[in-house]
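Dear colleague,

I am passing on the structure below, together with some notes on what was found in it. Please read the notes with the coordinates open beside you.

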Amino acid sequence: PTLSAVIVLQIMSAFGIQWYTVAHLGVGAQADALYAGGTLPQIATAFLMEPLGFVLIPFLSSKTEADRDRAGWPLLCAIAAVSSIVALLLFLVAPIVVPLLAPGLAASTAALTVELAQIQAVGVIGAGCGIVLMSLSQAKGRFVWPALTVLLCTCGGWGLLVVGLDRWGVQLAAWVQVAIVTGPVLLQLPVLAGVAQGPLADIPLLSKDVWRRMRPLVAGASYHRTGFVVDRFFASLLAPGSISVLDLVLRVHSAIGRVLNHGVVAPIVPRLARLASEKSWHSFNALWSERVWWMGCLSGGVVLVMGVSVFVLGRLQVVDRLTAFGAMQSGDLVTMSVVLMSCSGVVLAGGINHILVNAFYTQGDMTTPAKIEALTYTVGLILKGVGAWLAGLVGVATAISVYYLLNSVMLGAVLRRRAVAQLQEQPAIQGNPLMPGELR
């Protein structure tokens, strides 16, 4: 119940802070600069941080408690050092790379985008350290506190925006983005207190082992995990404000996806890792299959609620009333609503994709998901170009939905075929193929 309550509050706070920012800045140059400036840090997250998160939870879950505690401090120091180097590199290359990533921006907007990109690059350090601490907590079966720290920092950031956005402008919004990813690190540091901390001499061995597991994911991420770069590239060529509208919509969908993943996926990853290491394929395949159904029902319900809410708010003319509380126009909100529903495939399939990918990773297979995602990403690139040409921003959003849905279908088909082969090799125990309580 506690985790569920935190999840609901996370959804509300994640949407609220993004909505407040865009509503006060308006759908225009400043909002475009803020979100386009986040592209470089997000590239680093896609290349390094997301693969690290996928690897660390199974890696730590498979260790004994003593070995896991010993690995915590050396891993945190190693990732902090690497993240700091990456952040410095992003700061230095921003003036060169940012104009290439969003070529349709006006010169003044492009200059502001570079400044905001350099600010948000600092957040890479917090993101890297946060993944280590979150993975340590989840490997120990502690899920509420990591989620709660993000909620607390998001609410704190929202408070800062309310107090100072009008005074300090969009630069404050960029620093708040940094605070939201860095704050949870400070709140989660006690997870290392009271445990036998390993020596820094363990860093080379641990880093080598983690990098060996990450390498296939990083190679794959260099291609198919940077879809947001293409999205912003196309949006920069459309009407002013297109980047902020698309990015706000995607952030809303992604925030909902992260919350669903915390509640449905994160609790089972350590269990999947243990079952895979024991080769208990009946329990393993039953567990991920059950959670796919759970996630499908939950995400479908979320999309249904969004659709009904958009319809009801439109009928009650709430959209027109909302424009009085910020710099948005009525037409901006209507466009955002249409794009929100066109992009709903992110919520429908994103969580399912996360379950399926983790089912591969916990078996030690890092390459099959990368190959499938590379194929579907290629199809998605073509669809985005065609969509932007035929239907502008709505076309790009629809293409994103199709990509997510196609990816889930292909991942599911390959994993199901593997599950059948595993079950044929390991016949079910008569009368009770699953351990008691395994699917609760």
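**The nonpolar core**

In the largest nonpolar core, which has 117 residues, Leu75 and Trp288 touch the most other members. Helix H3 (residues 39–61) gives the largest share of this core, 12 residues. Such a core is a set of buried Ala, Val, Leu, Ile, Met, Phe, Trp, Tyr and Cys residues joined through side-chain atoms within 4.5 Å, and helices (H or I, at least four residues) are DSSP runs, numbered from the N terminus. Leaving aside neighbours within four places in sequence, Leu75 is in contact (heavy atoms within 4.5 Å) with Leu56, Phe59, Leu60, Val132, Leu206 and Val210.

Please bear in mind that this is a predicted model, in which local features need pLDDT of at least 70 and side-chain atom pairs count only at pLDDT 80 or more, while totals for chains, interfaces and linings use all residues. Residues are numbered from 1 along each chain as its sequence is written, and side-chain values use heavy atoms, with hydrogens and water left out.

**Aromatic pairs**

The whole structure holds 5 aromatic pairs, that is, rings of Phe, Tyr and Trp (its six-membered ring) whose centres lie within 6.5 Å, with planes under 30 degrees apart counted as stacked, over 60 as edge-to-face and the rest as tilted. The pair of Phe54 and Tyr361 is edge-to-face, because the ring centres are 5.0 Å apart and the planes are at 80 degrees. This pair links distant parts of the chain, with Phe54 in helix H3 and Tyr361 in helix H16 (residues 345–361), 307 residues apart. Phe54 counts as buried at 11% relative accessibility, and Tyr361 likewise counts as buried, at 3%; here buried means under 20% relative accessible area, exposed over 50% and partly exposed in between (1.4 Å probe, protein chains only).

Tyr403 and Tyr404 also form an edge-to-face pair, with ring centres 5.4 Å apart and planes at 75 degrees. Tyr403 is buried, with a relative accessible area of 12%, whereas Tyr404 is partly exposed at 26%. Together with Tyr377, Tyr403 and Tyr404 form one aromatic cluster.

**Around Arg416**

Arg416 lies in helix H17 (residues 367–425) and is partly exposed, with a relative accessible area of 42%. Its C-alpha atom is separated by 8.6 Å from that of Asn285, 131 residues apart along the chain. Beyond neighbours within four places in sequence, Arg416 is in contact with Trp288 and Ser289.

With best regards

Key
Helix = DSSP H or I, 4+ residues; strand = E, 2+ residues; numbered from the N terminus.
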